[in-house]
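Okay, thanks for making time, everyone. Today I want to talk about salt bridges and symmetry, so let me get the picture up on the screen.

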There are 2 protein chains.
Amino acid sequence: MSEPIGAPGTARPGGRTARVREAVLRAAGDALVDNGLGGVDLAEVARRAGVGKTTVYRRWGTVPGLVADMLAEMAESSLPRADTGSLDADLAALAALNVATLTDERQGPLFKAVIAAATWDEPTAVALRGFYRARIAEWAPCVDLGIERGDVPEGTDAAEVIRAVSAPLYYRLLVSGDPLDADTGKRAAAAAAAAARLGAFVT
Amino acid sequence: MSEPIGAPGTARPGGRTARVREAVLRAAGDALVDNGLGGVDLAEVARRAGVGKTTVYRRWGTVPGLVADMLAEMAESSLPRADTGSLDADLAALAALNVATLTDERQGPLFKAVIAAATWDEPTAVALRGFYRARIAEWAPCVDLGIERGDVPEGTDAAEVIRAVSAPLYYRLLVSGDPLDADTGKRAAAAAAAAARLGAFVT
DNA sequence: CTTCTAAAGGAACTACAGTTTCATTAACAT
DNA sequence: ATGTTAATGAAACTGTAGTTCCTTTAGAAG
């Protein structure tokens, strides 16, 4: 997250500052998983982290502020894309990875919370968009390779294909509440691949 | 929303009670659109509605409680499905309707808020799932008609096709933040129809 | 029209999330 | 090593979201 220059934690980011950040983000994640976004208060996070609540209020200020910083943390561990030699298998791998993340006991609630926070907090929304732009860019080459192979028509919007794989999974997680399992992932990948092959994502 | 029996508003739902509910839900919608889910407090809603804040706290208690009741209200105006005689056109109509709703100045933020609230409030989540189950059931016959016509293979999961149309739109609204316009809708409908025709949604 | 009481309203109260102040600790530069 | 000061932490403080209590209003039933 881009804090205003001069914000606490920017001039001496080593040692204690880093340890405090780590402890607070970890505690915030725990609180988020346990209580959901609406049930988090910063004083409790501070207590869990073994840190003065003044510090938490000073450095993050609000729950969405904290959430946005967690997202910055998550963004650093980018999932490397697959390269199996076939578009279907690559997309299936992407879907499987998404399913694994979203159904993970810890990461699932975290993603839910981040997305919920982004619906009303602009800095979180900006961070979220950046996060997914990076994720989509990481995986788009799968589709470009498919175009080179002649699997998929020229002019296909690679990003759109990647989005088409993930979308049904997030839709279930956030909106319809339908079950989300390995089979769902396979179907999402297969449907996206099929549509792409037919030129449904040609710009 | 199913309030516990004996809850205020159940024994004398006519006249004033109904007017109060209407005014409060309207004010809550305004507040939600203006300030987002995180910026709503019930006292302000009460003031906007010209209603005692005691009433709001007594009948709805929390912001998600209010949001869940708004959802119940929304559920009553169900969008009737199209029946154009072609699967592609029916799905395109569904997509267009979704785009119109989600980009509407008032309804868009409302849907965002409801979905966000559902990520941590279980009653809201239950109401939301019910809402979308009904929506999906309303539109599933489009696909069944397509199967009868021979457009789409036998055994295709109709609900899954409907979800495939909506999913990319919600994904953009909530997750990736990519633009959401008529063209996006058309592409989502076309991709779902294409995948369905190839049997990607056969159970 | 009268009665009964569910629901709304007003105002005082309370608890606690969030702030402010200032003393203490430890990063970084030299 | 030492000095400087960024960052943390403890405690006292404050504002206000949410509750409680009691009065008033107005639906429903006869």
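Let's start with a contact between the chains: B:Asp178 makes a salt bridge with A:Arg163, and the closest N and O atoms are 2.8 Å apart. By salt bridge I mean a side-chain nitrogen of Lys or Arg within 4 Å of a carboxyl oxygen of Asp or Glu. This pair crosses between chains, going from the loop between α8 (158-176) and α9 (182-197) of chain B, where B:Asp178 sits, to helix α8 (residues 158-176) of chain A, which holds A:Arg163. Helices here are DSSP runs of H or I, at least four residues, numbered from the N terminus.

Before I go on, the housekeeping: this is a predicted model, with local features needing pLDDT of at least 70 and side-chain atom pairs counting only at pLDDT 80 or more, while totals for chains, interfaces and linings use all residues. Residues are numbered from 1 along each chain as its sequence is written, chains are lettered from A and ligands numbered from 1 in the order they are written, and side-chain values use heavy atoms, leaving out hydrogens and water.

So, buried or exposed, what is A:Arg163? It's buried, at 12% relative accessible area, whereas B:Asp178 comes out partly exposed at 21%. The cut-offs: buried is under 20% relative accessible area, exposed is over 50%, partly exposed is in between, with a 1.4 Å probe and protein chains only.

Now two pairs inside chain B. B:Arg21 and B:Glu73 meet in a salt bridge at 3.3 Å, N to O. B:Arg21 is in helix α1 (residues 15-35) of chain B and B:Glu73 in helix α4 (residues 63-76) of chain B, so this one ties together parts 52 residues apart in sequence.

The other is B:Asp34 with B:Arg48, closest N and O atoms 3.2 Å apart. It links helix α1 of chain B, with B:Asp34, to helix α2 (residues 42-49) of chain B, with B:Arg48, 14 residues apart. B:Asp34 counts as exposed at 53%, and B:Arg48 as partly exposed at 34%.

Salt bridges with shared partners also join A:Glu160, A:Arg163, B:Arg172, B:Asp178, B:Asp183 and B:Arg187 into one network. Over all chains, the count is 26 salt bridges.

Chain A superposes on chain B by a rotation of 180 degrees with 0.0 Å of shift along the axis, RMSD 0.0 Å, fitted by least squares on C-alpha atoms of residues with pLDDT of at least 70 in both copies. That's the relation of a two-fold axis.

Notes. Helix = DSSP H or I, 4+ residues; strand = E, 2+ residues; numbered from the N terminus.
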